Amino acid sequence: MKFNKKDSVYDFIKAYSQEMEHEEYPKFSTQFLAEKLNMQRTNLSSILNQLVKEGKIEKYNGRPVLYQFIEQIGNEEDCFQSLVGYNGSLKEAVSEVEAAILYPQGNSRILLIGERGTGRHYFSTIIFQYAVQQGVIKASSSMLSFDCKTYEENKRYRHEVLFGSELKEGLLQKSIHGILFLQNIDFLSELERNKLFQNGQHGIILCSMNDELQSGIHEVFSESVDFVIELPPLRKRSIEERFELLKLFFEEEVKILKRNIEIDTSVFHALLLYDPKDNIRGLKNDIHKGCANCYARSHKSRTRSVEAVLADFSNEVRKGILFYRKKRSEIDSLVQTDYKYVFSENGILKRRKKENNKTIYQSIDARRKNLKKQNITEEEIDSVISSRLLADFQNYYENLTSKIENRTQLKKLISEELYQLLNDFFEFAQRELEEILEEKIFYAICLHINGCLVKVTSKQRISNEEIRQMVESYPKEYKLARNLIQKIEEEFRVHLNVDEIIFIILFLTQNTTIDQRKVVTLIVMHGNSAAESMVDVINTMSKEKTTYAYDLQLDKNIKIAYDDLKQKMLEIHQGKGIVLIYDMGSIRTMAESIVNETGIAIKYVEMPITLLGLVISNKAAEFADLNEISKYLADNFQNIQLDVTGNQDKEIQTFSNVGLVRLLNNSDKTEEEILEKNQEEQDDTESIEETFEYLQSQFPEMEMDRIKDYLIIFILNLEHLMDVSLDEDKRIGLIVHIVCLMDQIMDHRLPAINVMASDIINKNPGLIIEIKKLFRPLEVEFDIYISDSEIANIISIINN
């Protein structure tokens with residue numbers, strides 16, 4: 001093996017430094033190293049400079065030049081990958097950390113904002129690791145932590161601890177080469193805050209405060225720091241991330257208990273859906289308490305595994321299973337209901353439950369009996385039974401169909417009378433459903449009904465709520481099943497319970513995977529409760545509870561509103577798309593950006609009630625009479641039907657809502673004209689100029705004035721090319737989209753993928769080429785390349 005001198009030098013520096021470390025790693029001169037390694041100083045200097053470039057040692061210029069070992073803590077990717085959601089809900093926070101730590105000015109002042117238990121303290125340790133990795137601070141440095149709330153009653157002592165005295169250094173001085181982490185900084189007085197932030201001699205100052213404080217307090221502190229990083233609460237994180245957190249916490253419990261932990265799916269359902277008191281910390285504590293109870297129940301046994309059941313967890317946790325129906329499709333994609341999960345030191349194992357050829361009744365009865373032993377409520381038991389019903393039935397169905405190969409074999413097991421009745425039903429059902437059902441469905445129905453007639457039971461096992469859900473989801477199958485059960489009762493003079501109707505429905509739906517996902521409606525209105533009130537009425541009158549509300553408060557920060565709206569869409573989306581009903585164009589602009597981020601399919605419906613009210617109010621302020629206002633609306637809102645009734649003493653102006661609901665696939669020039677006429681009264685309307693000023697603040701490294709000149713010309717040419725007239729909101733949306741795209745391309749980040757791009761490209765090849773030509777000056781000027789897929793995105797934004 002060839003001897004590598006560079007490795008030999010580095011190995012010596014590393015070993016000697018770790019052995020001789022005191023408060024920091026020792027510094028070496030070239031002379032010292034040359035003598036220890038028996039090397040010429042010239043050759044050694046070359047090797048040392050290579051190690052400096054690789055970030056393995058640090059160089060101190062002076063006389064003599066000194067070198068110091070830098071501890072390597074993995075790579076940048078490993079550091080952030082320890083965070084659940086590092087590439088999801090925490091992606092923005094991670095990017096902001098990188099910017100804050102690498103900012104050339106150095107020693108940044110960073111404010112972490114988040115609710116209790118969102119992981120601010122753990123996140124601070126990741127920031128420390130990243131700062132060490134990047135060589136911003138030395139590995140031998142430390143992160144000093146201090147909770148400003150601790151000494152609230154002894155402020156003099158707190159001041160001394162932070163800022164020191166004549167006799168000893170304070171934390172601010174001690175951390176000058178590292179990080180000072182101050183928790184609950186809102187407890188500091190104004191004098192202490194000023195002294196802290198105005199002191200030029202400090203290391204990286206990392207502060208945290210509760211997100212639940214008044215927004216005014218946040219603004220005061222935001223003005224004093226360089227960077228503000230927000231950590232999302234657990235309720236705003238995806239169900240996939242929460243599942244990863246569950247697995248992480250159970251793996252930690254395995255290490256503590258030194259036993260495997262078996263988890264039933266009902267426990268997973270509860271933990272995934274309940275609302276923890278203190279976010280991630282609360283979730284972790286509740287899992288710890290549940291595992292402690294589980295261990296206490298079985299610590300005397302000599303088995304290698306303990307089983308965590310619902311009864312081991314608090315009432316608050318168990319309530320989570322009550323929400324399973326609403327989230328069934330999303331939860332089932334993560335947790336398979338017919339498996340048990342086993343956590344061990346070697347990882348996670350899935351083990352299919354043994355059903356031992358039980359009938360559907362036996363499976364439900366055995367589960368109910370087991371749950372009753374756990375002392376949980378009947379409502380909770382019903383929820384668990386419902387959550388397992390489809391999996392139990394699937395096992396039962398597979399068991400039945402495995403027993404029969406053909407009709408000849410079937411006829412030997414049931415009476416001719418029953419066979420003929422069910423055969424007629426099966427043929428009739430296929431005609432009514434307009435579907436060819438698999439033959440094994442007929443075998444299963446026959447064996448099931450035969451078993452019911454042999455052992456008749458009046459006991460209802462399925463909850464009324466589950467029955468209601470199934471009846472509403474499968475009305476055709478319900479009608480067929482009900483008629484069949486009635487006919488069987490008449491023919492064989494028996495009384496069957498309502499469960500049998502549900503089982504027949506489930507048999508009839510075995511041709512395809514049961515998919516209860518639906519298109520949902522989201523109503524978004526400006527104000528405090530307008531949307532919510534409308535949705536309450538709609539859901540009260542409708543059988544389907546698929547309409548949701550979001551109220552956009554007028555004083556809400558636009559960034560916070562965007563994040564909240566995106567989270568709302570992610571929560572309600574069932575995979576079939578969203579119909580968005582909204583009152584003003586700014587909401588659509590946000591929604592279009594959310595589409596690009598998430599890929600959710602959205603159809604837009606505008607209901608401009610707010611705009612109408614604003615126009616009428618403005619006209620009334622000009623002392624216009626009723627007829628003048630009516631004429632103005634008729635001229636400018638052509639789709640509104642007007643009706644005037646009354647007499648000389650009283651007049652009532654009625655506006656029909658026909659035409660208020662307008663699909664926005666076409667440009668609406670009328671609204672643009674109204675907005676222009678009322679621009680002075682609408683303080684919330686952003687101009688193009690303000691948009692570029694805002695973008696400059698968000699992307700300070702980009703030359704926004706130059707970009708503006710190109711984009712304004714580009715949009716004018718694009719409107720002419722596509723023969724459209726874009727309103728102000730759509731122009732702003734397009735500008736924001738293109739600037740963000742340029743930032744991603746310049747930063748070598750992969751833009752979001754539009755799954756419809758290929759279809760748009762295939763249908764509009766000529767348009768793609770022409771838009772490509774319009775983009776060419778921008779590409780040349782800023783040395784970027786805009787792909788056909790990105791052009792397809794722009795066409796999609798304009799056409800929607």
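**Close-up views of a predicted model**

View 1. Helix α32 spans residues 728–746, and its 19 residues reach 27 Å from the first C-alpha to the last, close to the 27 Å expected at 1.5 Å a residue (1.5 Å times one less than the number of residues). Helices here are DSSP runs of H or I with at least four residues, strands are E runs of at least two, and both are numbered from the N terminus. At the N-terminal end, D727 caps α32, with a side-chain oxygen 2.8 Å from the backbone nitrogen of K730. K730 is also among the buried residues of α32, along with I732, L734 and H737 (buried means under 20% relative accessible area, with a 1.4 Å probe and protein chains only). This is a predicted model, in which local features need pLDDT of at least 70 and side-chain atom pairs count only at pLDDT 80 or more, while totals for chains, interfaces and linings use all residues. Residues are numbered from 1 along each chain as its sequence is written, and side-chain values use heavy atoms, leaving out hydrogens and water.

View 2. Strand β3 (residues 66–69) runs antiparallel to β1 (residues 27–29), joined by three bridges (strands pair if DSSP finds at least two bridges between them). Look for K27, whose bridge partner in β3 is Q68. Strand β2 (residues 57–60) also pairs with β3 in the antiparallel sense, over four bridges. Here I57 has F69 of β3 as its bridge partner. Five residues lie between β2 and β3 in the hairpin that they form.

Key:
Buried < 20%, exposed > 50% of the residue type's maximum accessible area, 1.4 Å probe, protein only. Polar contact = N/O pair within 3.5 Å; in protein donor to acceptor, adjacent residues only side chain to side chain.
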